[in-house]
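Dear colleague,

Please find the structure below. My notes on it follow directly after.

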Amino acid sequence: MGRPLAYKIIEKHLVSGEMKPGSEISIRIDYTLTQDSTGTMAYLQFEAMGIPRVKTKKSLAYIDHNILQSGPENADDHKYIATVAKKHGIYFSRPGNGICHQVNLERFGVPGATLLGSDSHTPTGGGIGMIAIGAGGLDVAVAMGGGEYYLSMPKIVNLELKGKLKNGVSAKDVILEVLRIMSVKGGVGRIIEYTGEGVAALSVPERATITNMGTELGATTSIFPSDEVTRQFLAAQGREQDYIPLSADPDAEYDEHIVVDLSALEPMAACPHMPDRVKTLPEIGQIKVDQVCIGSCTNSSYLDMMRTAAILKGKTVHEDVSLVIAPGSKQVLEMLAENGALADMIAAGARILECGCGPCIGMGQSPKTDGVSLRTSNRNFYARSGTASAGVYLVSPETAAASAIAGHLCGVGDVIDDLSVLDIEVPEIFNVNDNMIVEPAPENNDVEIVRGPNIKEFPINTRLPETVSGNVLLKMEDNITTDHIMPSNAKLLPYRSNVPYLSDYCLTPVDPEFPARAKAQNGGILVAGQNYGQGSSREHAALVPLYLGIKAVVAKSFARIHASNLINSGILPLTFKNEADYEKLSQGNALVIENARAKVEGKLPFTIKNQDSGEEIEVELGVSERLRKILLAGGLLNYTREN
């Protein structure tokens, strides 16, 4: 029986477990990455382990999220990350060098390797043939220390691409179509593996756009083969020595099979407020646009920027539209400046932003009240832009640029006659200048780690008690995101290393009174619907509830990374055995789990008693024996210390 590519790479890195879907496995991690929004906490956790030097092939720390410095907090965190990286053997990408996923693809991605990152869009690396997985910071800290990464063996979905994209249709439209087919929870427990004749017609940056937004499917990761297109990209980056050909066996067998005909696709957009609310442009209509943001880790490559510049050249941005553009890396920005494309953007009226995440994470450029914003980023969750009343649509750079000129949502053909200007190829040689990557100090160095006053200790749970009890502090609907649980905007991002400060904002997009209620009642239990915790990998969405005394979350289902982060924090992630029991719980109900340790050990049926009604509700703890031990210990850090 032939094997998929993802299976081959996982098998090569397998440390323990059986590669059977749903079974727990552990794999060896070759590379790690962090960014500054999650990195400070990850390095505090790494320090707590007492390991002097990272043990991966290479670990990288990027500064790309918190680069809006309106106070000392972000700069203080940057200095901490720079010094802790230098001391412990981690390469440091300075502010301005670019977005972690874009730079990693350009300079460090290696086909056939494993990459673990403290950012949910780490699967971008799948565009170059890596098994690249997003995880919580503590999981990344363990991997940096030489520990394996544990996960449930995913099913592998063959997403076969046929045909070739038409001019004006882009890789962004491909992944929007996949989201339309599969939904934001359709990839849970799955790896999406792209095959078929259509693959060869997609460049590495285009493949990376698709694997990047595979995260919005809930997928563990996505991957493309490493082929001649990959070799040419690596050669252009001066890294042809990193190339190896990799593909699935011709007779590979998959768990599921989906076909997408590239030639049949039209420009599309994801409507507010979810990435799978996908419609074609004619279905949406010519809505008036107030703002256009082009960039983010999804669509900030050289190709994206050159196509944007080609559409803008000789045109003027509509007077009612604010257009901002953020190239993804210093390499991209430098090349745009050299070839004149940057001048074309500026002449058209675009505002050029720093090479960073910016608007995607609400770090500046919030739309006006009730504004319509077109963005090339990967998420349009409610209030993520910083303006709760705004409507954010996810589109391709081509659609974004055309709409900026027209003043309303439209395709490229509505503003330019000659679509051949979009026929831009990957350069034969990229500008390579890694002078913004700082190498670590030698071993046994005396580098002083600098900690600013905003860096506070992170909460650590205690061993699981015999009885777990508390009131239902909040009952939530389906698809609650980590943006709901721990908002991430320009005002709060500087406090990612200050959990006590963040606690006053936990779950406030759902209920502004939640933090005060949680503190007044010394914590309690949360109830939620389907896909709880989808979105970002930020473990603050578990650490802050831990600080507030949350003992358990009872949901219809969980997003993968968030469930892992809850377990790492020692918070019980419980699912209703019968989803109808969700209706039996209300905010304020007093719940108790008696014999909690025996239930976590699997020795007793897992039930929760609603003391108000007297009813026992059956729940499930769908975890491995190892994860049960982590929960009993009160979290991964306690478990690691004990073992």
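How many disulfides does a search of the whole structure find? The search finds 0 disulfides, a disulfide being a pair of cysteine sulfur atoms within 2.5 Å. Cys-355 is in no disulfide, and the nearest cysteine sulfur, that of Cys-357, is 11 Å away. The sulfur of Cys-360 has its closest cysteine sulfur in Cys-297, at 6.0 Å, which is too far for a bond. Cys-355 is buried, with a relative accessible area of 4%, and Cys-360 also counts as buried, at 11% (buried means under 20% relative accessible area, exposed over 50% and partly exposed in between, with a 1.4 Å probe and protein chains only).

As to provenance, this is a predicted model: local features need pLDDT of at least 70, side-chain atom pairs count only at pLDDT 80 or more, and totals for chains, interfaces and linings use all residues. Residues are numbered from 1 along each chain as its sequence is written, and side-chain values use heavy atoms, with hydrogens and water left out.

An open sheet is formed by 3 strands in the order β1-β2-β8, with antiparallel pairing (strands are DSSP runs of E, at least two residues, numbered from the N terminus; two strands pair if DSSP finds at least two bridges between them). Its edge strands are β1 (14-16) and β8 (149-152), each pairing on one side only. Strand β2 (residues 24-27) is joined to β8 by 4 bridges, and Glu-24 stands opposite Ser-152 in β8.

Elsewhere, Gly-413 is exposed, with a relative accessible area of 51%. The C-alpha atoms of Gly-413 and Gly-570 are separated by 54 Å.

Kind regards
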